[in-house]
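Here is a short briefing on the structure shown below. The points are grouped by topic.

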Amino acid sequence: MSSTTVNITSLTITEQVLKLVKNSLAKITNAVLLPVIGISIFLFLWSITAQSIHTSLGDFPGPNAVVKQFSSLYFEHKTEREKAIAFYQRQDKRNAAKLAKNPDYNAKIRAYTGKETFLDQIITSLVTVTCGFLAAAFIAIPFGIWMGLNKKLNLALNPIVQVFKPVSPLAWLPLVTMVVSALYVSDDPMVSKSFLTSMLTVTLCSLWPMVINTSMGVSAINSDLLNVSKVLRLDTLTHVNKIVLPASVPMIFTGMRLSFGVAWMVLIAAEMLAQNPGLGKFVWDEFQNGSSDSLARIMAAVVVIGFIGFLLDRVMLQLQRKVSWDKSSVNA
Amino acid sequence: MNNIKRTGPEKSIENSFESSFENIANNVFLNISQVDMVFPTPTGGFTALKEVDLQIDKGEFISLIGHSGCGKSTVLNIVAGLHQATKGGVLLNNKEVNEPGPERAVVFQNHSLLPWLTCYQNVELAVKQVFNKTMSKGEMKEWIEYNLKLVHMDHAMHKRPDEISGGMKQRIGIARALAMQPEVLLMDEPFGALDALTRAHMQDSLMEIQNELNNTVIMITHDVDEAVLLSDRIVMMTNGPEATIGEILDVNLARPRSRLSLAKDIEYNRLRSEVLTFLYEKQRKVASISSKATAPQGSLPKQRVNAK
């Protein structure tokens, strides 16, 4: 009797283990195997097609060429850094020697002026896009809340928002450039004009999705919650802080994610034309450079741009998960 | 009639028929006076309420019952100040009601808790707003916890609304309303969304709380048993448009009431069948226009008609 029970339990245990293995196998297949297959097919098709496209700058780069460029870009970065370190060491030595000779000597310290490496350019791009995006959020979210609260304001401004929303950054850029040149005049500028131009273009383009989503989120707040606020006679500030803002956080974040995506796309175009030393400029310079490596280097930049865009979206998603009370509204 | 302890002396005077004129006088606690409500529609005004007139004493528990769409909620919203009556108005302590306020706390049908706050914080928001100047921080904390204890929710006060059941959410909603120490508690089908067992449980809790606090309550309900069990008076409304008060039924059942012993009570069953008769014979929802025209006002039995 007891042995049969043991048998049954052991059977169920093995069954359970089997089930578990099956389930985890299915999970692994879904999470790892399928994407790997997809990527492999893509790489295969890419290398096949690349071989048959001949441009004036040589063959279109396949995956191999791009990987090679990645390592060469990294190598360039390292050598550039070593040069910089060597430069500063030489400078320090020279200054020390001069000071030893003449204690009153006013040592000049000059910054290294080598060209930006690919990694520097990535960082410049990230800084620019973040600044532009934050400036947009700073304007768009309060404005969107105001529009959501005030139906008349919403009706008055909605046409303007709708018209400006689809405007390409390339259309804004000349205007922004001229306005920045005219207004941003300073002998000792804190940031370069090209940075400001790219940043403002990013701001102008990423403003609208945030305004629209925020105002939509605010105007769609459950009327029962608004009634609660009325019964409690909350003043406007408490009303916004305690009811409106938390209630519309999911929509605000949806808008912010959309905007950040737009901002990153816009940035590359803006940097190309404004010559802000970021990824856009890198692509443009390589294109103008026209060496046999150029296309592979541009392709490497394309991959990096895509990856960073993806990562930025993930970061926003995590932020949204952390801030939002409504976990069901947070979808990848 | 002497055994209605709970309602106090002024109630028993009100119940005697000589004083019916006093109802119209200005010393009524809550006076819903000749209220008309017309909603604008593209095709002209829609008259939802016509000459709704009701006087309520302090400490009275009133149920509003009627078919869906008869304007019960509109009456409640006008008392709450969320709607403005087109004609007539509401006086609370001889002061006109024209905006919402915490002295007329509302328990909403779907609880309306702020989902991003814990139960405690939901009540706290109300308490901070109402007792900001009169209570210290410690007193507020005590008062919030007292109210949560009153609805038996002190064990889950740091949970979020989505972590507790529907009945529990409604308890928190009631605690929030009670914590405002309202002069009138307005309840819009507070238990309508709950299952029958939970509802019965909530009704018992509400009776227990009423026993302790003796609030003035207006409650909307669809449930005949609930109305008879909880109320001092049941206000039955005719079907809209132009809905008004059809009959008012006094419920003179001794308190505390128990649903089990009342189930066999003759008076309880008589009251129940009165309400059912009103709802399903006199105000049948499928009624043709003729029955609607004959039912209200004219042919009413001995019950108190809305004072006119």
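**Briefing: a predicted two-chain model**

In chain B, residues 24 or more positions apart account for 72% of the contacts with a separation of 6 or more. The model is predicted.

**Chain B overall**

- Chain B holds 10 helices and 10 strands.
- Of its 308 residues, 42% are buried.

**Backbone features in chain B**

- A cis peptide bond runs from B:R255 to B:P256, with omega near -5°.
- B:P256 sits in a loop of chain B, between β10 (245-250) and α8 (259-262).
- B:Q34 is not a glycine, yet its phi is positive, near 45°.
- B:Q34 belongs to strand β1 (residues 30-41) of chain B.
- B:H152 lies in the loop of chain B between α4 (137-150) and α5 (166-179).
- With 15 other C-beta atoms within 10 Å, B:H152 is partly exposed.

**Contact between the chains**

- Chain B supplies 16 residues to the contact, and chain A supplies 14 residues.
- On the side of chain B that touches chain A, β6 (104-107) and α3 (119-131) of chain B are the elements that give two or more residues.
- Which element gives the most to the side of chain B that touches chain A? That element is α3(B), with 3 residues.
- The residues on this side of chain B divide into 12 nonpolar, 4 polar and no charged.

**Nonpolar core**

- The largest nonpolar core has 142 residues.
- A:A263, B:V79, B:V123, B:L186 and B:V275 touch the most other members of this core.
- α8(A) gives the most to this core, with 18 residues.
- Leaving out residues up to four places away in sequence, A:A263 touches A:V129, A:G132, A:F133, A:V202, A:C205 and A:S206.
- As a general point, nonpolar side chains tend to be buried together in soluble globular proteins.

**Helices α8 and α9 of chain A**

- Helix α8 (residues 236-274) of chain A and α9(A) have axes that come within 7 Å and cross at roughly 55°.
- That angle makes α8(A) oblique to α9(A).
- The crossing of α8(A) and α9(A) is right-handed.
- From α8(A), the residues in contact are A:L267, A:I268, A:A269, A:A270, A:E271 and A:M272.
- They meet A:L279, A:G280, A:K281, A:V283 and A:W284 in α9(A).
- The residues of the contact of α8(A) with α9(A) divide into 8 nonpolar, 1 polar and 2 charged.

**Helices α9 and α10 of chain A**

- Helix α9 (residues 279-289) of chain A packs against helix α10 (residues 294-323) of chain A at an angle of about 165°.
- The axes of these two helices are 9 Å apart.
- Which way do α9(A) and α10(A) run relative to each other? They are roughly antiparallel, because an angle over 145 degrees counts as such.
- The crossing of α9(A) and α10(A) is left-handed.
- From α9(A), the residues in contact are A:L279, A:F282, A:V283, A:E286, A:F287 and A:N289.
- They meet A:S294, A:R297, A:I298, A:A301 and A:I305 in α10(A).
- The residues of the contact of α9(A) with α10(A) divide into 7 nonpolar, 2 polar and 2 charged.

**A:A296**

- A:A296 lies in helix α10 of chain A.
- Is A:A296 buried or exposed? A:A296 is buried, with 28 other C-beta atoms within 10 Å, because the cut-off for a buried residue is 20 or more.
- A:A296 and A:P63 are 233 residues apart along the chain, and their C-alpha atoms are separated by 8.7 Å.
- Not counting residues up to four places away in sequence, A:A296 touches A:P61, A:A65, A:V66, A:K68 and A:Q69.

How values were computed:
Residues numbered from 1 in each chain as written. Chains lettered and ligands numbered in written order. Predicted model: local features only at pLDDT ≥ 70, side-chain atom pairs only at ≥ 80, totals over all residues. Axes fitted to C-alpha atoms, helices over the stretch in contact; angles between N-to-C directions. Helix = DSSP H or I, 4+ residues; strand = E, 2+ residues; numbered from the N terminus. Parallel < 35°, antiparallel > 145°, perpendicular 65-115°, else oblique. Left-handed = near helix turned anticlockwise from the far one by under 90°. Contact = placed C-beta atoms within 7 Å. Nonpolar A, V, L, I, M, F, W, Y, C, P; charged D, E, K, R; others polar. Buried ≥ 20, exposed ≤ 12 C-beta atoms within 10 Å, placed from the backbone. Core = buried A, V, L, I, M, F, W, Y, C linked by C-beta atoms within 7 Å.
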